[in-house]
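Reader: Please take one part of this structure, the ligand sites, and go through it closely. I would like the contacts spelled out, with the cut-offs behind each term.

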Amino acid sequence: MAENTSFWRSARVLILGLLAVIIVPGLALIMFAVSSSMRVEPEATDALANSTDECVTCHRQTTPGIVAQYGHSSMAAAAVSCKDCHEVAGDYPGAVEHEGTFVLNQPTTAMCSTCHAAEVAQFNQSRHGLPAYVAVAGSQDLSPELLALYEAIPEGQFAPDKSRNAIASLEGPAITRFACESCHDIGKPAADNSVGQCSKCHMRHEFSLEQARKPETCNNCHIGPDHPQWEIYQESKHGIAYQTNGHTWNWDAEPGTLTVLDFPAPTCATCHISGFGASGTTHDVGARLTWYLFAPISERRPAWQDNQVQMQNVCRECHNENFIADFYADADLLVDAVNARVVESNEIIAPLKEAGLLTDAPFDQPIDFTHYELWHHWGRTAKFGAWMQGADYTQWHGAYEVLSDLAELREYAEELLGESASVPTPVSTPEATPGS
Ligand code: HEC
Ligand code: HEC
Ligand code: HEC
Ligand code: HEC
Ligand code: HEC
Ligand code: HEC
Ligand code: HEC
Ligand code: HEC
């Protein structure tokens, strides 16, 4: 009997063990299947493979690339059709007749907003919306509806009578079509009065999260001497982590659920857009910013305290409280220091203006360019480099160039004013008390 009991006992242990071996992975498999069926995996299948939709069947011949790309998107898997974005009534602004119906060649954000109202509203609140367009084209030709939309942007620096940018005017439309507009059209209004081009980040027709989350998407525009965020990111620790280990990160993770396990270091999108930690996903790229860094002399934004909390929530997922507070205190000091140099550059040319030695026309004298580049290229770069951890940009493409241009400005000023006049002497750096 005793032997029998122990036989059954060990048999039970064996069976339970076997069950555990079978059931636990089985359950895991089921849970995996459930979770992956909730999230449609892009690229796994072509959702349009058996489609009989006439747009699809004909366009598989005429534009096979578009149909193949769209077939792999999660929207196609969710049965969103070509017509949902393209088809409109015949009297819709911008409609063109096509194969017995009317379509928009470039679906507008009004089309997206029927299903993504939140993203479109956030985008409209941001400087990627109308402010980006106004920066080049001015605001003087906006319709009353668009002016009202522009005025409602809290950080849009509303200016109802802003005229076309001086450099854009000097260059002319034959050039700006391929230059300023190519980047600033991210906020261009369409014929139906809706604003912006989502496809600047969500490249047609894949609408891939991985593509939008990668920093290369932003480098289309955030690059070059006046806003080298891409270059700065590449030399930062965050960018190094991306470049060396990014291939192991969870690029397709469900929006709003991202953690440091998915992304051990941030990309541009993590800090400025993605839901991460206590900060929710936003298409308002200004929602986490403290300063107007792009300005000649940077001031804090109207809602800077709230914005700062939003950004620091992101840092907090990976860094501790003191680290973040010290970093912010130090970077604030750098902004003050750069501001002081730009004030100095204005003081150097002020006597020239008073003496009528500078023309009113913009960008017709070499001194105009030096004075402009000092803040527009080098001052900005020093600030961006500090906030996004690109020491080489802060130093050699930023602060050093500011010093060099200050010396040049002083020389110009002395030449123009003659020896008798007094050119302000260099100011000393404001006393800095580092936060750490
Ligand atoms: C019988 C074939 C056929 C059907 C059906 C069809 N298209 Fe087209 N479509 C074409 C051809 C051909 C072109 C021109 C391609 C080119 O110029 O390279 C075109 C062009 C387009 C363009 C670009 C127009 C431009 O000028 O840039 C859009 C957008 C478009 N189709 C959308 C649709 C949508 C949406 C549907 C379904 C409502 C649809 N098409 C149905 C054949 C078709
Ligand atoms: C989620 C919205 C959306 C869906 C769905 C969609 N498109 Fe588009 N499509 C766009 C946008 C936005 C553009 C214009 C972007 C631009 O020009 O920058 C565009 C442009 C086009 C063009 C002109 C592109 C060119 O380079 O000439 C064609 C053709 C086209 N779509 C066909 C299709 C077909 C066919 C389908 C279905 C298989 C489809 N689209 C589904 C949003 C969509
Ligand atoms: C008819 C409704 C509809 C329209 C119109 C529409 N979408 Fe979508 N979109 C969806 C649905 C549904 C999903 C969710 C797919 C999923 O998460 O599996 C989605 C998902 C997305 C995603 C996330 C993709 C992912 O993998 O999670 C992006 C980006 C997107 N849409 C962009 C756009 C843009 C840009 C436009 C306008 C040019 C647009 N959509 C128009 C319904 C729509
Ligand atoms: C097609 C060009 C383009 C692309 C792509 C682009 N941006 Fe921008 N971005 C701009 C322009 C233009 C501005 C300046 C708008 C203004 O202030 O007039 C801007 C401004 C910003 C700002 C400052 C907003 C503010 O309130 O001052 C942030 C942050 C930003 N972009 C982040 C990103 C990120 C992150 C990406 C990639 C996911 C990205 N951008 C992709 C053109 C682009
Ligand atoms: C490679 C893309 C690109 C090109 C080309 C470009 N910009 Fe920008 N521009 C940007 C980005 C990105 C910013 C945002 C910088 C920031 O917020 O830090 C910006 C910022 C600005 C700003 C400051 C923001 C504002 O709203 O006042 C102005 C003004 C501006 N650009 C005007 C122009 C003009 C005029 C041209 C052409 C002569 C031009 N840009 C060409 C990408 C570009
Ligand atoms: C500056 C680049 C940029 C622009 C412009 C942009 N998006 Fe996005 N979008 C992103 C990024 C990055 C994500 C992924 C966010 C994340 O990591 O969770 C995203 C995600 C989305 C999603 C999925 C969000 C979710 O929570 O499921 C939708 C829908 C979407 N975008 C729609 C739009 C629409 C509509 C527009 C135009 C009004 C637009 N986007 C313009 C960068 C952009
Ligand atoms: C670690 C988080 C982080 C990453 C990664 C990051 N940024 Fe930033 N970014 C910041 C912070 C912090 C600031 C300064 C914010 C402020 O004003 O408080 C900033 C400032 C900016 C600005 C200046 C806005 C202005 O006021 O002129 C732009 C534009 C921008 N980032 C775009 C980008 C782009 C594009 C990338 C990727 C190439 C990127 N950022 C990567 C955190 C980040
Ligand atoms: C997803 C995680 C993650 C987020 C979010 C994040 N960081 Fe980092 N950060 C890292 C990693 C990883 C490193 C590299 C640490 C190392 O050198 O060992 C780093 C390094 C740094 C460094 C040191 C750079 C150097 O050259 O040594 C600074 C400063 C920094 N981060 C600031 C920030 C700020 C500010 C934010 C928020 C705006 C932020 N980080 C958000 C992961 C993150």
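Author: H202 counts as partly exposed because its relative accessibility is 23%; buried means under 20% relative accessible area, exposed over 50%, and partly exposed in between, with a 1.4 Å probe and protein chains only. H283 falls in the partly exposed class too, because its relative accessible area is 26%. This is a predicted model, in which local features need pLDDT of at least 70 and side-chain atom pairs count only at pLDDT 80 or more, while totals for chains, interfaces and linings use all residues. Residues are numbered from 1 along each chain as its sequence is written, chains are lettered from A and ligands numbered from 1 in the order in which they are written, and side-chain values use heavy atoms, with hydrogens and water left out.

H202 and H283 both coordinate the iron atom of ligand 6, each through NE2, at 2.0 Å. Donors here are N, O and S atoms within 2.8 Å of the metal (3.2 Å for Na, K and Ca), and since water is not among the atoms, sites may look incomplete. This iron atom has six donor atoms, with angles of 88 to 179 degrees among them, and its site is octahedral. Six donors count as octahedral if opposite donors are over 155 degrees apart and all others between 65 and 115. H202 sits in the loop between helix 12 (180-184) and helix 13 (209-213), and H283 in the loop between helix 17 (268-272) and helix 18 (304-316); the two histidines are 81 residues apart and link distant parts of the chain. Helices are DSSP runs (H or I, at least four residues), numbered from the N terminus.

The iron atom of ligand 8 is coordinated by NE2 of H238 and NE2 of H319, at 2.0 Å. Its site is octahedral as well, with angles of 85 to 178 degrees among six donor atoms. H238 belongs to helix 16 (residues 237-245) and H319 to the loop between helix 18 and helix 19 (321-354), so the pair ties together parts that lie 81 residues apart in sequence. H238 is partly exposed, because its relative accessibility is 21%. H319, at a relative accessible area of 30%, is also partly exposed.

Next come the shells of residues around other ligands. A residue belongs near a molecule if one of its heavy atoms lies within 4 Å of it. Around ligand 4 there are 24 residues, of which R127, H128, C218, C221 and H222 are the closest. A polar contact is a pair of N or O atoms within 3.5 Å. R127 places a polar side-chain atom 2.7 Å from an oxygen atom of ligand 4. Nitrogen atoms of ligand 4 take part too: one is 2.8 Å from an N or O atom in the side chain of H128, and a polar side-chain atom of H222 lies 2.8 Å from a nitrogen atom. Helix 8 (130-137), helix 12, helix 14 (215-218) and helix 17 each give two or more residues to this shell, and helix 8 has the largest share, three residues. By class, the shell around ligand 4 holds 14 nonpolar, seven polar and three charged residues. Ala, Val, Leu, Ile, Met, Phe, Trp, Tyr, Cys and Pro count as nonpolar, Asp, Glu, Lys and Arg as charged, and the others, Gly among them, as polar. Domain 2 (114-200) and domain 3 (209-319) each contribute at least three residues to the shell around ligand 4; these bounds come from an automatic or database domain assignment.

Ligand 7 has 23 residues around it, and the closest are C268, C271, H272, R301 and M388. The contacts computed here involve the backbone: a polar backbone atom of T290 is 2.9 Å from an oxygen atom of ligand 7, one of L293 is 2.9 Å from an oxygen atom, and one of F294 is 3.0 Å from an oxygen atom. At least two residues of this shell come from each of helix 15 (229-235), helix 17 and helix 20 (366-387). The shell around ligand 7 comprises 16 nonpolar, six polar and one charged residues, and draws at least three residues from each of domain 3 and domain 4 (322-417).

The side chain of H86 has an N or O atom 2.8 Å from a nitrogen atom of ligand 2, and H205 has a polar side-chain atom 2.7 Å from a nitrogen atom of ligand 2. R204 has a polar side-chain atom 2.9 Å from an oxygen atom of ligand 2.

Methods:
Four donors count as tetrahedral if all angles lie between 85 and 135 degrees; four count as square planar and six as octahedral if opposite donors are over 155 degrees apart and all others between 65 and 115; anything else is irregular. A polar contact is a pair of N or O atoms within 3.5 Å; within protein, one must be able to donate a hydrogen and the other to accept it, and residues adjacent in sequence count only if both atoms are side-chain atoms.
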